[in-house]
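Work through the exercises below with the model open beside you, and try each task before reading its solution.

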Amino acid sequence: MHHSQAVEMTDLLRTRSHNKDLLQLGQRISISQTDEIKYMKQWLQDRGKPLEMPMGDMNMADMKGMEMPMPLMPGMLTPPQMTALSKASGPAFDHLFLTGMIQHHTGALIMVEDLFDTAGAGQDNVLFDFATDIDNTQRAEIRIMQGMLAKEKR
């Protein structure tokens, strides 16, 4: 869900922004997030784990028509934030995108930290390398986006 929202956010760039640097960064974010989604699905399949989040005794068919908001993962934009982003354009969109994606990436850093703080969770070498790569990439992209925001103020 977390990665999918980042892809959804970057998809908006094509019609909402004219900032070439931001469009290029958004393309990079979209590619990395999409690749990571594929990787996580494969990691789960290789271990015989479900691809969907377990919902106890309920399945998605049981939930049709129910107004039951799912709790957001750390850093995810709220529905009002996503609506504001989808309605904005130009420099206003760029600002909302940058602040929203920084929020989003910061949430990913929190989840990586939570993973490593869970006893035994980082013992899988493949998972450790994957989470470390996410941490490094998100930190680098946050610095780039902070630099873009600083340019806005000049």
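**Surface and salt bridges**

The accessible surface of the protein comes to about 9800 Å², and 57% of that area belongs to carbon and sulfur atoms; such areas come from the Shrake-Rupley method with a 1.4 Å probe, and for residues only the protein chains shown count as cover. This is a predicted model, in which local features need pLDDT of at least 70 and side-chain atom pairs count only at pLDDT 80 or more, while totals for chains, interfaces and linings use all residues. Residues are numbered from 1 along each chain as its sequence is written, and side-chain values use heavy atoms, with hydrogens and water left out.

**Exercise 1.** Find the salt bridge that Arg-47 forms, and state which parts of the chain the pair ties together.

*Solution.* Begin with the criterion, a side-chain nitrogen of Lys or Arg within 4 Å of a carboxyl oxygen of Asp or Glu. Arg-47 meets it with Asp-124, the closest N and O atoms being 3.1 Å apart.

**Exercise 2.** Is Asp-135 buried or exposed?

*Solution.* Apply the cut-offs: buried means under 20% relative accessible area, exposed over 50%, and partly exposed in between (1.4 Å probe, protein chains only). With a relative accessible area of 14%, Asp-135 is buried, whereas Arg-139, its salt-bridge partner at 2.8 Å (N to O), is partly exposed at 39%.

Conventions
Helices (H or I, at least four residues) and strands (E, at least two) are DSSP runs, numbered from the N terminus.
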